[in-house]
Amino acid sequence: MAKLMTEQRFASPDDVYQLLIDGHRELTPDQSTRLNAKLILLLANHIGDAEVLAEALRVARQGVD
Amino acid sequence: MHATFSYPKYSFIPSDEQRTGTIRRHPVVVIGAGPVGLTAALDFARKGVPVVVLDAEDTVSVGSRAVCYAKRALEVWDRLGVGRRMIDKGVVWKIGKVFNGDRMVYQFDLLPEPDHKIPAFINLQQYHLEDFLVTEALKSDLIDLRWLSRVVSARQEADHVVLQVETPDGVHAVEADWVIACDGAKSSVRKMLGLEFQGEVFKDRFLIADVVMKADFPAERWFWFDPPFHRKQSALLHMQPDNVWRLDFQLGWDADPEEEKRPERVIPRVQAMLGADTPFELEWVSVYTFQCRRLERFRHGRILFAGDSAHQVSPFGARGANSGVPDADNLVWKLALVLDGKAPEWLLDSYSDERVAAARENILNSTRSTDFITPKSEMSRIFRDAVLELAVDHPFARALVNSGRLSTPTTYTDSPLNTPDGDAFAGRMVPGAPATDAPVERDGQPGWLMEALDGRFTVLYAAGDGAVPAEVAEALDALAAGPLPLVWYAVTGRRRGIAGELVDCAGRLRERYDLTPGSVYLIRPDQHVAARWRRFDDAALSAALNRAVGR
């Protein structure tokens, strides 16, 4: 069963971070929220594994409430 | 309002027991002459069990109400001899289209497979459907339909139930060994027993408008999210017979139901949808909210709940009547065997187990559809809209669009009546699954497998191109002559002229049941698979048959 990978995997972490930030440039918070929702759906389907998604949700939720 | 249907008025005929002041004990009393109660009555009559049906009203469903009837319910009705009439009158459809704004997001086909007798879905006004069921019930001497007979109390004794029934002639007692409560979502029997009906009530309101018009729309289910004619809400269009169209508009929780029902409010909505120059007349208008709730158990002593009295779902997915009819289908053969002393009473608990599992599945599906159509939080709406946006170009997102997952029959995966597989089989016909259809030839006549599954236990023996071995035929003949209602067939690849032959003329039976020569299927009276093997084994078959009747 696939497991959520949390070790560093990017060849160039700073480039990836900048991609995320640039992707939201000049968007209102509402627009950014919409973009994030679509991004999550696209990536979730790309991962294609509900268990990995569930684990990611669990980890992401820590400290949120 | 315009009327395409004139409601029959069934007369109250005082029963002998009320006229003479005697009390009679009936084997079965069904409460409620709706689709579920009438289905149960017809099935009891088929099995030779006399049944009294009590209904508080004296006509059929007022308004078209449930409109979509699914393949499985139609298969049950076909077994009971009324399916053909419904299909002939109904609008047959299988294509659904989903729109967002003015763009089509995707379309689906509910029956992509060929070679089934019964279509995926028909649309038919509930009053037509009940009219057909009543007409059929009136033909039977075993069905005693009593109109204007309202059950006002139910008391369980050790071995029977006492009902007090109010009629135009007063209140009298009716006794029954068993009572089946098919008295709908507001079941008074459920209230009399003080049973909890737990679940979720959704904060949204919907307007149903049935309009009569001549229109060129195809016989498809069209669902809109955020259409130009009804912004930020959903809408639905369905064709019914007699030029009646079902329109459904989401209104939101704050809408005033009384206000929204007024023609001066409804007509502009309809005009916005159809165009101002499309002439139409309103036939029926209703505003509804919905809930997903069920009883914890469907058997309470000698009272069994079936249909909406036992479980209630939102209309998206057409899982109301379409799950109530299989309730009746599941219950009647079991109760008939219990009444006949051929099965222990606990077989009736398996009715509850199997149909509670089905209700859970239906409620889950219906709740998920509702969450998609009526998002409960801001973020839920954002995800919903993101799915709809992505679905236009990206196939994966189409699978997430949920405008109602249309009713499919439940596989009783965990039922204690199943004999688990010992041999390997491919495909969907696992123990507990509803049997799927295939064209067959029987007695030289073209027909369907579902016609052979006629309400008795059925054994299919795959003879391939060989003969049925004598010892197999002998063992099966002995079972057929035994106490349980059972019939067996030899499935052959091409016509061989042997007795009890089902010719698999299109090869679909072999394909759909993964048959190899010597394979055996045991199918229950309600057309669900009970057991299967790769080789005939008399002892294993008898054990599986006993298990399927709770022995």
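In which sense do S22(B) and strand S23 of chain B pair, and over how many bridges? The two strands, S22(B) and S23(B) (residues 486–492), run parallel and are joined by seven bridges. Pairing here calls for at least two bridges between two strands, as found by DSSP. Strands (E, at least two residues) and helices (H or I, at least four) are DSSP runs, counted off from the N terminus.

A few ground rules come with the model. Residues are numbered from 1 along each chain as its sequence is written, and chains are lettered from A and ligands numbered from 1 in the order in which they are written. This is a predicted model, in which local features need pLDDT of at least 70 and side-chain atom pairs count only at pLDDT 80 or more, while totals for chains, interfaces and linings use all residues. The score called pLDDT is the predictor's confidence in each residue, on a scale from 0 to 100. For chain B the mean pLDDT comes out at 95, with 100% of its residues at 70 or more. The model as a whole scores ipTM 0.97 and pTM 0.95.

Back to the strands. S22(B) covers residues 457–464 and is mostly covered itself, with seven of its eight residues buried. A residue is called buried when 20 or more other C-beta atoms lie within 10 Å of its own, exposed when there are 12 or fewer, and partly exposed in between, with C-beta atoms placed from the backbone. Along the pairing with S23(B), Phe457(B) has Leu486(B) as its bridge partner. To get from S22(B) to S23(B), the chain passes through helix H14 of chain B (residues 470–480), making a right-handed β-α-β crossover. Right-handed means that, with the strands pointing away from the viewer, the path from the first strand over the helix to the second runs clockwise.

S22(B) has another partner in strand S25 of chain B (residues 520–523), this time antiparallel and over four bridges. Here Leu460(B) sits opposite Tyr521(B). S23(B), for its part, is largely enclosed by the rest of the structure, because five of its seven residues are buried. S23(B) also pairs in the parallel sense with strand S24 of chain B (residues 501–503), through three bridges.

Two aspartates in chain B stand out for their backbone angles. Most residues other than glycine have a negative phi. Asp242(B), however, has a positive phi near 65°. This residue lies in the loop between strand S14 (234–239) and strand S15 (244–250) of chain B, and it counts as exposed because it has 12 C-beta neighbours inside 10 Å. Asp514(B) also has a positive phi, near 50°. Its loop links helix H15 (508–513) to S25 of chain B, and with 17 other C-beta atoms within 10 Å, Asp514(B) is partly exposed.

Zooming out, chain B holds 16 helices and 26 strands. Its radius of gyration is 24 Å, close to the 24 Å that the globule rule gives for 551 residues, so chain B is as compact as a globular protein of that length. The radius is taken over C-alpha atoms, and the globule rule is 2.2 Å times the number of residues to the power 0.38. Along the principal axes, the C-alpha atoms of chain B fill a box of roughly 75 × 65 × 40 Å. Of its 551 residues, 48% count as buried. Among contacts in chain B between residues at least 6 apart in sequence, 72% join residues at least 24 apart; a contact means C-beta atoms, placed from the backbone, within 7 Å.

Chain A has three helices and zero strands, in the order α-α-α from the N terminus on. With a radius of gyration of 14 Å, well over the 11 Å that the globule rule gives for 65 residues, chain A is more spread out than a compact globule. Its C-alpha atoms fill a box of roughly 40 × 30 × 25 Å along the principal axes, and buried residues make up 3% of its 65 residues.

Where the chains meet, eight residues of chain B and six residues of chain A take part. On the chain B side, helix H11 (378–391) and helix H12 (395–398) are the elements that give two or more residues. H11(B) supplies the largest share, six residues. By type, the chain B side divides into seven nonpolar, no polar and one charged. Nonpolar covers Ala, Val, Leu, Ile, Met, Phe, Trp, Tyr, Cys and Pro, charged covers Asp, Glu, Lys and Arg, and the others, Gly among them, count as polar.

Terms used:
Contact = placed C-beta atoms within 7 Å.
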